[in-house]
Structures are given as structure tokens and as C-alpha cells.
Amino acid sequence: MKTITLRISRFDPAADAEPHIEEYTVRVNEGARVLHALHAVRDEHDPTLAYRYCCGSGQCGSCAVRVDGTPVLACMAEARDGMMIEPLDLPILKDLTVDMEPVIAKIARICPAPDAALPAREEIAAIKPLRDCIECLCCVSACPALQVTEFAGPTVLRQEMRLALDPRDSGDRITDAIEKGLFYCTTCKRCVEVCPKEIDVPGKAIEKLREVANRRGLTLPRHQEVARLVQETGRSVERTKTTFLEEVPEVIEPDGPVRGEVGFFVGCMFNGRVPQTALDAMEVMKRNGIRVIVPHDQVCCGSPLIRTGQTSHVEDLKRKNIEAFARRGITTVMTICAGCGATLKNDYETPFEVKDVTEILTGYGIEPPAKLDLTATYHDPCHLLRGQGIREQPRALLREAVREFVEMPSQCCGAGGGVRSGVPEEAKALGAKRDECVKATGPDVVVTVCPFCEFHIADCTDVPVKNLVTVLLEGYKKKDAEQKGSS
Amino acid sequence: MVLYNAPTNKMLVDEIVDAHVLVIGSGGAGVRAAIEASRYGGVVLVSKTIAGKGGCTTMAEGGFNAVLRDEDSIQVHREDTLSGGAYLNDPALVDALVREAPERMADLVRWGAVFDVTDDRMVAQRPFGGQRFPRTCYAGDRTGHEIIMTLLDRLDATDTQLYQEVSVLDLAKDEDGAVSGAIALDRDGNPILFRADATVLATGGGTQVYDISTNSAAGTGDGFAMGYRAGAELIDMEMIQFHPTGAVYPYDARGRLVTEAVRGEGGILLNARRERFMERYDPARMELSTRDVVARAIATEVLEGRGTSRGGVYLDVTHLPAEKIETRLPVMLEQFLTYGVDIRREPMEVAPTAHHIMGGLRITPECRTTIPGLFACGEVAGGVHGANRLGGNALADTQVFGKRAGEFAGKAPARSGRVDPARIDGVLRMLDGFSEGDTSPADVRRDLKLTMWNRAGIFRNAPDLSAALGDIRELADRRLCAASATNLLDCCTVRNMCTTASLIVRCALLRPENRGAHVRRDASVTTEPATSPFGHTYISLAHAGIEQREVAA
């Protein structure tokens with residue numbers, strides 16, 4: 001047995017205007033789950049504590065709660081000393097019980113055709129990954145799109161795809177999916193992260209439904225424009241100024257001895273819209289002894305097309321990009337765009353390794369920059385944090401570059417998944433939420449490693465937003481100036 | 001309409017719902033019954049949980065037995081079921097089960113269930129214990145979840161009225177003694193009266209009365225207790241299936257089901273000395289012997305000192321390809337990983353756990369109980385599985401008898417619609433009494449579960465059973481206390497658990513032989529299952545006993 005203290009959000013609609021937090025100390029067994037701690041509170045302190053549970057083995061989806069902000073199944077997550085337990089982000093009935101029925105009612109039912117026969121093995125295999133859902137609604141609680149739109153929720157769209165894959169179903173799942181907010185998903189993958197069954201709703205449902213929608217001519221007009229641009233120019237961003245690729249040679253040699261060599265996949269945003277950041281990155285690489293090879297025949301990675309379901313042209317892009325790097329014998333390809341990096345890592349099968357700039361820099365180790373006299377916070381790009389599992393490397397680099405680093409709660413900025421172009425009002429609303437968060441955190445600068453996040457958050461807040469490589473370069477410049485001053 | 005208590009003119013219940021068929025329970029049997037009954041109109045389904053989240057169907061992992069191949073036969077399924085049940089099964093119910101299981105399986109496939117299939121587009125089947133043919137259909141190891149999701153899809157297409165998180169407290173009866181509905185509490189503790197021409201009890205099992213159990217929190221035996229209080233006869237309540245393989249760690253998750261599919265897919269049992277001990281208990285069938293045999297073998301190994309330090313044995317699949325474990329047993333893999341055990345690389349530790357109640361309300365093949373107006377199906381009904389249930393027969397049972405109960409309840413004639421107010425008044429008085437009690441239901445629940453596990457478990461004897469009965473009666477007499485209106489249900493549930501436990505123990509005392517899952521260390525007579533002179537134990541408000549039967553010598 002061990003003693004733990006936990007805090008629980010309590011709310012009785014008959015007595016309370018709003019929820020309040022109560023603290024309890026209970027004895028639980030080794031290995032006890034959150035649910036067992038709740039039982040202990042109920043049995044030893046307050047029998048009126050309301051919470052749902054049933055199977056106790058992660059199979060029924062009754063007991064989801066938020067523990068320290070993250071939705072989990074109470075019966076499966078281990079109880080921790082000091083944990084805070086709150087209801088899911090849904091209308092509260094009492095204490096930890098929320099109104100699940102309206103969401104569950106949105107989950108489509110199969111409409112079997114009268115002559116429905118057993119699906120074939122491969123059809124079953126395609127459906128199964130979408131069938132494990134236990135309707136616990138963790139994803140619905142965590143989804144940022146739901147905070148600002150009428151999006152029906154990740155699992156609701158999951159079910160639309162599950163039905164679209166079933167030859168027995170006679171419903172019109174694409175029309176349904178669009179009505180339920182198919183284009184609202186930013187593909188931030190927060191739903192995957194909190195799903196007890198790890199169902200990849202954005203990858204296996206949203207993007208696939210968008211593909212079917214595309215085949216039926218239902219892609220959003222703004223997304224179609226991007227696809228046209230990629231098809232005509234190989235780029236998803238219009239050329240409005242001298243591009244990065246036009247400015248740099250194929251090989252950028254470092255200042256000092258060569259410690260390493262990478263190929264550089266620049267990406268459309270850095271190439272065409274914010275080339276200065278990419279140039280800053282090159283300076284940082286030079287300073288740290290890393291030779292950069294920049295194949296000039298590289299094209300768009302295809303991410304804007306895959307995320308919006310316009311995949312007919314993607315294989316061609318993949319082939320061109322893989323050839324561009326493979327032909328030059330490059331074994332490690334660096335990205336500084338989280339979206340490109342996640343696409344190359346997850347949607348490609350590459351004969352070379354793909355690494356984010358923060359992985360390269362922390363891997364080799366960097367010359368310490370002078371610390372800028374700033375308080376900085378870091379915004380996790382979804383496609384870096386969840387798309388590539390990169391959390392610590394950018395923080396480690398940032399800590400070296402500024403006087404003070406402060407954490408800010410992580411949430412999608414709203415730019416991804418074609419939302420900024422396709423549903424700008426949603427992107428704006430999510431950006432405004434980031435602004436609130438930035439204001440509450442109070443930094444001098446917001447640092448990130450994704451051009452989409454950088455561009456979008458900068459649009460939504462007064463606080464300066466910078467790429468990590470730019471901050472590092474400023475640190476080096478300050479260091480040089482200080483050394484010059486002292487000599 | 002409002003129901004008043006005539007002498008006091010006090011309003012009893014201010015919400016009354018009328019139905020042609022009232023179905024109590026939202027597991028596989030209840031939902032199947034509602035679907036079938038809806039063909040006749042006026043169906044109300046009352047679920048004490050959010051539908052699909054309660055009950056044990058959702059948790060059922062391994063599969064659904066149905067004869068689907070030419071090489072298999074209904075006759076062999078019948079014989080396997082009877083032999084596995086130690087010939088205590090009601091043969092007419094077994095006939096219905098094995099004949100109709102394939103049709104019910106076809107219903108599920110037609111309604112959209114995602115079962116595993118073979119390359120030649122047939123429903124895939126795996127071997128399960130005690131069966132001579134691999135006839136257990138499956139959807140990975142989440143077969144029950146697949147079934148309940150499919151049934152809820154189908155239910156949604158009917159005009160059934162669904163009441164969720166409404167808990168039935170007791171059955172209502174009319175002046176002639178027929179069941180005419182039920183009284184329930186909603187989530188906030190407000191009473192609701194349901195009146196119906198026919199009532200289907202599909203409340204599932206109740207092995208939560210044991211300290212170590214696979215059942216969901218909803219498996220508290222409410223239906224056995226409500227049926228008993230209404231005057232129905234129950235049979236074979238001593239027949240408790242202890243599933244051989246429940247988790248032993250962590251402490252709070254002990255008893256959690258480790259599906260028989262693990263053994264069906266090739267898992268082997270080893271004691272702490274790494275001996276494959278089933279060779280000594282059933283060398284022909286080994287790990288795929290019937291559950292009663294395997295559970296006793298494991299319990300014996302542990303009792304005789306050959307168990308692990310945590311009181312279990314090893315269940316090992318490390319010799320199977322990782323890919324097979326990942327696709328056929330994904331839930332097992334995920335659950336054990338959560339507790340730090342990668343079953344692809346290390347063995348699981350398992351021990352028996354109370355799983356299923358074979359006994360229950362006595363029913364006819366039309367699912368009629370011994371009281372007019374009341375039907376029963378699924379685990380709350382007795383007789384289908386005899387003294388030991390075959391793995392994979394429970395899901396089939398829910399569908400076959402759910403459909404039958406729904407059909408015959410749907411065809412039931414209209415009744416007077418009258419409800420005996422004295423009975424309702426009694427329930428409401430009981431609820432009032434909980435505001436004046438002094439004992440926490442949690443305390444009674446804990447003591448009851450320990451008593452049942454320690455004194456009415458796998459190995460039994462008369463002194464222990466009598467002591468258990470004394471304990472249960474003492475616990476049942478405590479004055480339970482509800483801390484608020486929403487806690488009234490906790491008190492009612494604990495009361496039901498006490499009733500169910502007492503039915504189990506009383507029937508265990510009535511059967512003097514060892515039969516299937518029921519083992520009396522002090523058995524006064526030695527019988528062979530096929531020729532035993534004993535039939536069902538029976539118990540009701542009116543009488544209790546054990547049937548004698550004539551068996552050809």
C-alpha cells in the first residue's frame with residue numbers, strides 16, 4: 001500500500017455555480033490505477049463522488065477523465081501522487097461525469113444494403129484499424145478544432161471512414177463527413193496521442209475521406225488552387241521574390257573543419273515565402289561545421305496535397321524528391337519545416353534518413369551562442385511534436401540561446417491540414433487561442449520550428465515569433481559582437 | 001398518469017412509461033431481444049449504463065460458437081455442449097442454441113459485424129476448449145465489442161425507446177401475480193415506473209459477488225435477485241464458472257479476463273517449475289480442456305505449492321510469432337503492456353477468476369420464466385450451459401435466446417396495465433430507509449466478496465458454505481446508508497448482491513455431488529456426469545431442492 005494525494009474537480013449542478021477543486025489523501029495498492037484512487041476517495045472520504053466506470057479493463061470506454069489535463073481511461077492509467085483529475089471537456093453532469101450521449105448520437109450507424117454479403121479479407125483488414133474505438137470520447141475532449149467550430153469530433157469522422165470502407169454499407173459517407181466537418185481537422189494528431197487504442201484518425205480516416213471527396217470533386221476551392229499550383233510549378237507557394245534555391249549554390253561548405261554532411265530539403269514555405277529563415281539556418285550549419293548539399297531539382301514534398309486528400313499527383317513528387325537526394329548519394333536529409341519533415345518520415349519510403357534540424361544540431365552538438373537577453377517560450381509544431389516525436393531537442397537548443405525559457409501549454413495553432421487556406425475563420429480562432437496563451441505566459445518572443453506555425457501565430461499575436469535557427473544565429477551574432485568589443 | 005398510494009394519498013412515482021415489451025439490460029441478449037421485439041412495436045429498453053458500455057458482452061474477447069462448416073455438425077456441437085456441461089444442461093435449450101447459433105451469426109454479419117474472415121471469404125473460426133471442431137468465430141480478441149456495436153447499429157434502426165443510465169430496482173406485478181413492468185431509478189435518483197405487457201429480464205451475470213471476478217462493475221446479479229423477489233424459480237445457482245485465466249497483477253486488476261483465445265491460439269500453461277502441468281490433469285485435451293478442469297488444475301498447482309510468488313501460474317505465448325499475437329490478441333497485448341509485461345517476450349501470470357453464472361431463472365425454449373409476463377435470456381437465465389459453459393457459447397447464447405425472448409415477448413398478449421401499488425410502495429419505503437441507515441454499502445460489498453471467494457469458491461464444503469450463508473445473512477441485515485439520492489442505487493445493488501450470493505450458497509449446499517464447476521470436497525456421493533441421479537437444483541420464494549432424475553443404467 002502507498003499513500004497518495006490527489007485533487008479532484010467537484011461539481012454538483014444543484015448546489016454549485018461552477019466546479020471547484022478538492023484535495024484528498026488516500027491509501028492505494030501498488031500499481032493502482034486512477035480508477036482505484038477514485039474508488040478509495042468514494043469509499044473512504046465521500047460516497048457522493050460521481051464518476052463512471054464499468055469494465056475496468058479498457059474495453060468499454062466509460063471512465064475517461066482528464067489527468068493533469070490529458071484525457072485517459074481511469075481504469076488503465078496509473079494513479080500518481082499529486083495528480084489532478086478533471087472531467088472530459090464536455091458538458092458536466094456531476095463531478096467527473098459528462099454528457100456523452102449527444103456525441104455518441106453523432107456517430108453514424110451502418111445502413112446495410114439488403115443484399116449485403118461478408119466483406120473480403122482485405123476489406124476487413126482495412127476496416128479493423130478503425131473499428132477498435134470504444135467511444136470513450138478522449139479524442140473529442142482533446143480536439144482543438146472542436147473548441148472553435150462545429151466539428152463533430154475525431155471518432156465521428158473515424159466512423160464515417162469505417163463505413164465508407166464497408167461494402168455492406170449503403171450510406172453516403174462523404175456528404176455526411178463534410179457535414180460533420182471533414183475540412184475542420186488540422187491533422188494535429190492530438191486525438192491519436194490521447195486515444196487509448198491509438199487509432200490514427202487523421203491519417204487513416206480524415207485524409208482518406210478527403211481523398212474520396214477529392215475524387216468526387218468536393219475538395220475545397222482554395223485547396224484545389226494549391227494542387228493546381230503544385231502541378232504547374234512543383235511548388236505550393238507562388239513565386240513572389242527570389243527563392244532560396246535561386247540564391248544558394250548546390251553545396252554550402254562550412255566555415256571551419258567539416259564535422260558532418262547533410263542534404264537539405266528546403267520545402268515550399270522556406271523556399272518561396274520566408275527564404276531568409278532558411279538562409280539563417282545555412283549560417284548556423286556553416287558555423288557548426290556541417291556541410292549542406294542542396295539539390296536544386298527538389299520539389300514540394302506533397303504534404304499540402306496529402307493532408308487535403310489530393311493525392312493523384314503525389315507519387316510523382318515523391319519520386320522526384322527521392323531521386324534528387326539519392327542520386328547525389330546523400331544519406332541524411334535535413335528538414336527545417338515540421339510539415340515537410342513529418343511527410344518525408346511518415347508518408348515516404350526513403351533510401352536515406354530524414355532528420356529535423358533540431359535533431360541534427362543536438363546530434364552533433366553546437367557551439368554555444370551568446371544568450372539573448374530575452375524570455376522565450378516555445379510553440380510545439382504538431383507535425384514536429386506528434387508527427388515526428390520531437391519534444392526535447394528544440395527546448396534544449398532554445399535554453400542555450402536565451403536568458404530565460406518558459407513553457408507554454410501546447411496546442412495546435414490552427415495552420416495545418418489545409419485549415420489556414422481552406423477554413424481561415426477556424427485558423428484565426430485557433431490562432432486567437434494561441435495568442436491568449438502567449439499573453440498568459442508573457443514571453444518576449446515565441447520560438448518555433450515550423451514556417452506554417454511561425455507565419456500563422458505571427459498573424460495572430462503582437463509578440464514577435466521567430467524560428468529557432470534565427471534565434472541561434474542572433475546568438476552567434478551577439479557573441480561575435482561581444483568578442484569584437486572585448487578585443 | 002400518476003400513481004398514488006391509496007391510504008396516504010402520497011404520490012408514489014411521477015414518471016410512468018408504458019410499453020408493450022420492456023427489456024431490462026443492454027448487453028448482447030437485451031439488445032438482441034429489443035431488436036426482435038421491435039417487430040411487434042412498443043419496445044422500451046432500460047439500460048443501467050450508457051448502452052454498449054455496460055454488461056459483459058462488451059468485454060467478451062474470444063468468440064462465438066456456431067457450426068458453419070460442412071466438416072462440423074450441429075450434432076457434434078450439441079454433444080460438446082452437453083458433455084462440457086456435465087449433462088446438467090436442459091437438452092431442449094441446447095438444441096435451440098446449437099441449431100440457431102449459425103442463423104444468429106448470419107444476422108450479425110448481415111447487420112455489419114466485422115468478424116475475421118478467411119481467404120475464401122468465410123467467417124474465420126478458432127479452436128476453443130472442450131470442442132472437437134474449431135467453431136469459435138471471432139473479431140480479434142474484441143469479439144463481444146464487435147457484436148454489441150453491431151447490435152446497437154441495428155437497434156438504432158428500430159423504434160425502440162432507449163432509457164440510459166436508468167437502473168431497475170424491482171419488477172412490478174399486477175393483482176394476478178403476473179409481472180407487469182418494473183420500477184427504476186434515473187441517474188439523479190428519481191423513480192420511474194415502467195408498465196409493460198411483457199418484461200424481458202436480460203440483466204446478465206453476477207460474479208461481482210466474488211472478490212476476484214472478470215465481470216464488469218455492472219455484473220452484480222441484479223436480475224437473479226429481482227427475479228427471485230418476484231417469485232420466479234431459479235435453477236443451478238451453485239454453478240459458477242471460474243475462468244482458468246485471470247490476471248494476478250496488479251492487485252486492483254486481479255481477476256481481469258485473460259481470454260481463452262490465448263490458449264486457442266496456442267498458449268501453454270506452466271507452473272513455477274516450468275512444468276506443463278496439464279499433462280497430469282487432461283493429457284488428451286491439455287490446455288484446451290474444459291474450463292472447470294483447467295481452473296481446478298491451476299488452483300491445485302497453486303494450493304500444492306507449485307504456483308508463482310503471486311499465487312498464479314504462467315501462461316506463455318512467447319513461442320508464437322509476434323505478428324500472430326499482434327493481430328489475434330491485440331487487447332491482451334495492450335493490457336499487459338500497460339502493466340509492464342510484453343507477452344511477446346515474457347509469459348503472463350494467471351489464476352482462476354469468477355467468470356460466469358451457469359444457473360439462473362428457469363426458462364422454456366420460448367424464454368418464459370415460471371411467472372407469467374416475465375421472460376429471461378442471456379446469463380440471467382439458467383439451464384443452457386449445465387454445470388460448465390464452453391467458451392464461445394455465451395455470446396451464442398445471448399443471440400439465440402435474446403432473439404427468442406424478444407419474439408415471444410413481442411407476441412405476448414396485452415395485459416391490464418395495472419400495477420400492484422403495494423409492491424411499488426414497498427420499494428419506495430426501502431429507498432426511504434436508506435436515508436436512515438448506518439452502514440456504508442462499500443463495507444458490505446467488500447466483506448461479501450471476500451466471504452464468497454473464501455468460502456464458496458472453486459473448492460467447497462458444507463461447513464464453509466454454511467458459514468458463508470451466516471455471513472451473508474448478517475450482511476444482508478445491515479441497515480445500508482445512502483449518502484445522497486444518487487447513492488440510493490449503491491444500496492440497492494449491494495442488496496441484490498447479497499441476495500444473489502445467498503442463492504449461490506444455498507444451492508451449493510443442496511447439491512451433494514461433484515459436477516462440472518461445482519466441487520464439494522465433502523461430497524457424500526460419487527456420480528458420473530452422464531448417469532448422475534441428480535438434476536437441477538431449484539430455488540424460489542416458495543421452495544428449494546434438488547431434482548432427482550431417472551437415468552438409464
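**Close-up 1. Helix 12 and helix 13 of chain B in this predicted model.** From helix 12 (residues 441-455) of chain B, V444(B), D447(B), L448(B), T451(B), M452(B) and R455(B) meet D464(B), L465(B), A467(B), A468(B), D471(B), I472(B) and L475(B) of helix 13 of chain B, where two residues are in contact if their C-beta atoms, placed from the backbone, lie within 7 Å. Helices (H or I, at least four residues) and strands (E, at least two) are DSSP runs, numbered from the N terminus. By class, the residues of this contact of helix 12 with helix 13 of chain B divide into 8 nonpolar, 1 polar and 4 charged; Ala, Val, Leu, Ile, Met, Phe, Trp, Tyr, Cys and Pro count as nonpolar, Asp, Glu, Lys and Arg as charged, and the others, Gly among them, as polar. Helix 12 of chain B and helix 13 (residues 462-477) of chain B pack at an angle of about 170°, with their axes 9 Å apart, the axes being lines fitted to C-alpha atoms, for helices over the stretch in contact, and the angles running from 0 to 180 degrees between N-to-C directions. That makes helix 12 of chain B roughly antiparallel to helix 13 of chain B; angles under 35 degrees count as roughly parallel, over 145 as roughly antiparallel, 65 to 115 as roughly perpendicular and the rest as oblique.

Residues are numbered from 1 along each chain as its sequence is written, and chains are lettered from A and ligands numbered from 1 in the order in which they are written. Because this is a predicted model, local features need pLDDT of at least 70 and side-chain atom pairs count only at pLDDT 80 or more, whereas totals for chains, interfaces and linings use all residues.

**Close-up 2. The crossing of helix 17 and helix 19 of chain A.** The axes of helix 17 (residues 357-364) and helix 19 (residues 392-401) of chain A come within 9 Å and cross at roughly 60°, and the two helices of chain A are therefore oblique to each other. The crossing of helix 17 with helix 19 of chain A is left-handed; a crossing is called left-handed if the near helix is turned anticlockwise from the far one by less than a right angle, and right-handed if clockwise. On helix 17 of chain A the residues that meet helix 19 are T358(A), E359(A), L361(A) and T362(A), and on helix 19 of chain A their counterparts are Q393(A), P394(A), A396(A) and L397(A). This contact of helix 17 with helix 19 of chain A has 4 nonpolar, 3 polar and 1 charged residues.

**Close-up 3. An open sheet of chain A and the helix that lies across its strands.** In chain A, 5 strands form an open sheet in the order 8-10-9-11-12, with mixed pairing; two strands pair if DSSP finds at least two bridges between them. Strand 8 (251-252) and strand 12 (353-356) of chain A stand at the edges, each with a single partner strand, so one side of each is left without a neighbour in the sheet. Strand 8 of chain A pairs with strand 10 (residues 290-293) of chain A in the antiparallel sense over 2 bridges, and V251(A) stands opposite I293(A) in strand 10 of chain A. Helix 17 of chain A lies across strand 9 (260-265), strand 10, strand 11 (332-335) and strand 12 of chain A, and runs at about 90° to strand 12 of chain A.

**Close-up 4. Strand 22 of chain B and its pairing with strand 12 and strand 23.** Strand 12 (residues 234-235) and strand 22 (residues 534-539) of chain B pair in the antiparallel sense over 2 bridges, with I539(B) in strand 22 as the bridge partner of L234(B). Strand 22 of chain B also pairs with strand 23 (residues 544-548) of chain B, again in the antiparallel sense, over 4 bridges, and the bridge partner of T537(B) in strand 23 of chain B is I546(B). A hairpin joins strand 22 to strand 23 of chain B through 4 residues.

**Close-up 5. The contact of domain 3 with domain 4 of chain A.** The domain assignment of chain A gives domain 1 (2-98), domain 2 (103-215), domain 3 (234-363) and domain 4 (368-486), with bounds that come from an automatic or database domain assignment. The C-alpha centres of domain 3 and domain 4 of chain A lie 20 Å apart, and the contact takes 26 residues from domain 3 and 25 residues from domain 4 of chain A. On the side of domain 3 of chain A that touches domain 4, the elements that give two or more residues are helix 12 (268-273), helix 13 (275-287), helix 14 (303-307), helix 16 (338-346) and helix 17 of chain A.
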